Amino acid sequence: YLTIVPRSDASPTTVSSQTIKEDKDTRTILATALYNKKLFLENELSKGLLFAVHRDQLVCTFILIATIITAVLFVSSPSDLFLKWYVVGVIIMLLSRIIDYSQKKGHFYLIDFCYTAGIQILYYLIFGSRSLQLTTRVFGFGAGVLGWSTVLFANCLTVYRLDEFCSLWIHTVPSLLAYSLRWMNEESPIYYKTYVCELGSVHLLNYFKQCYLPYFIWFFGYYLIISRIFREWTVKGDYMTLVRTMESNSSFGKLFSIFGPNYHVEVFMLYHLVFFSATTFVGYVSFFCKPLYTFCLVFWIVSLVANGAKAIVEDMTKPYSCLLYTSPSPR
């Protein structure tokens, strides 16, 4: 037997060698269990990393192929295959967004005007008649608010971010569609082969009517949903909306702070109206000036590439484990 005195003022405690052996066995068992747990976690982490690698490879392959096909069809078949390819792409991107946002409480992003305009363009290509009015509306959306949203939301072209590619498809590809309907598709009712044309059958009032009619329907419906019907529900449930995204932005946050917290929705709607009006007017001017619209289209594409290069450089400084497909804020 051994005599152990833990403290000077404590009475001696007698411990048998059998007890010490059992204690060693217990510690050995615990150490073995911890080691096995460590191996299990490392194995699961390697599986998760391997899954992320394969997933990112698939995403990269899909984005590269989709980008190449879009460019080839836009140049070779702007009046037929490009339109069909756009329909297929929009359906895929919308389904991807619905699945992605439903997991991130981003349901209310799906009622933003970009998606409303995209659905109208999709309806035009599938079911709508090739009338002058509807075609003018499609051009107005693509050359106006959707195209300039590429710059507003700083969309980028990266080969591993599916969320960013969805934003690109929703905002920028309709601009290519508008260009093809105006200057590359002879079957289009707004087709014109010259670089600059005079004010023809598309009058300013008719152009704005086709663009503003669906916009104001969305404008008042969105305001009622966000500010009246589901306002408390979005706050309590912590659902993401475009208004809340703008509040977290440093530039827009200063604008919101001027009017106080009770008028954030109203300030956002006013800003949205001004942005839509300005971009729609620029789209109308470019409707009659091919060089101007070509410049805008090149500017949007360069913005995509520049933002994509910036994102790639920033991501290269992070470990790959940090890039496990955590998509940025929905846009």
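Predicted model: local features only at pLDDT ≥ 70, side-chain atom pairs only at ≥ 80, totals over all residues.
Residues are numbered from 1 along each chain as its sequence is written. Local features need pLDDT of at least 70, side-chain atom pairs count only at pLDDT 80 or more, totals for chains, interfaces and linings use all residues, and side-chain values use heavy atoms, without hydrogens or water.

**Exercise 1.** Work out how many disulfides the whole structure has.

*Solution.* Start with the cut-off: a disulfide is a pair of cysteine sulfur atoms within 2.5 Å. Now search the whole structure: you get zero.

**Exercise 2.** Find which residues of helix 5 are buried, and what covers them.

*Solution.* First, the terms. Helices are DSSP runs (H or I, at least four residues), numbered from the N terminus; buried means under 20% relative accessible area (1.4 Å probe, protein chains only). Next, go through residues 145–152: Val-145, Leu-146, Gly-147, Ser-149 and Thr-150 are buried. Then look for contacts (heavy atoms within 4.5 Å): the cover includes helix 3 (113–126), helix 4 (132–143) and helix 12 (264–287), among others. Finally, step just past helix 5, where Ala-154 has a positive phi of about 55°.

**Exercise 3.** Describe how helix 4 packs against helix 12.

*Solution.* Take the geometry first: the axes (lines fitted to C-alpha atoms over the stretch in contact) are 8 Å apart, at an angle of about 115° (on a scale from 0 to 180 degrees between N-to-C directions). Now list who meets whom: Phe-139, Phe-141 and Ala-143 of helix 4 touch Phe-276, Thr-279, Gly-283, Ser-286 and Phe-287 of helix 12. Sort these contact residues and you have five nonpolar, three polar and no charged, with Gly counted as polar.

Conventions:
Buried < 20%, exposed > 50% of the residue type's maximum accessible area, 1.4 Å probe, protein only. Helix = DSSP H or I, 4+ residues; strand = E, 2+ residues; numbered from the N terminus.
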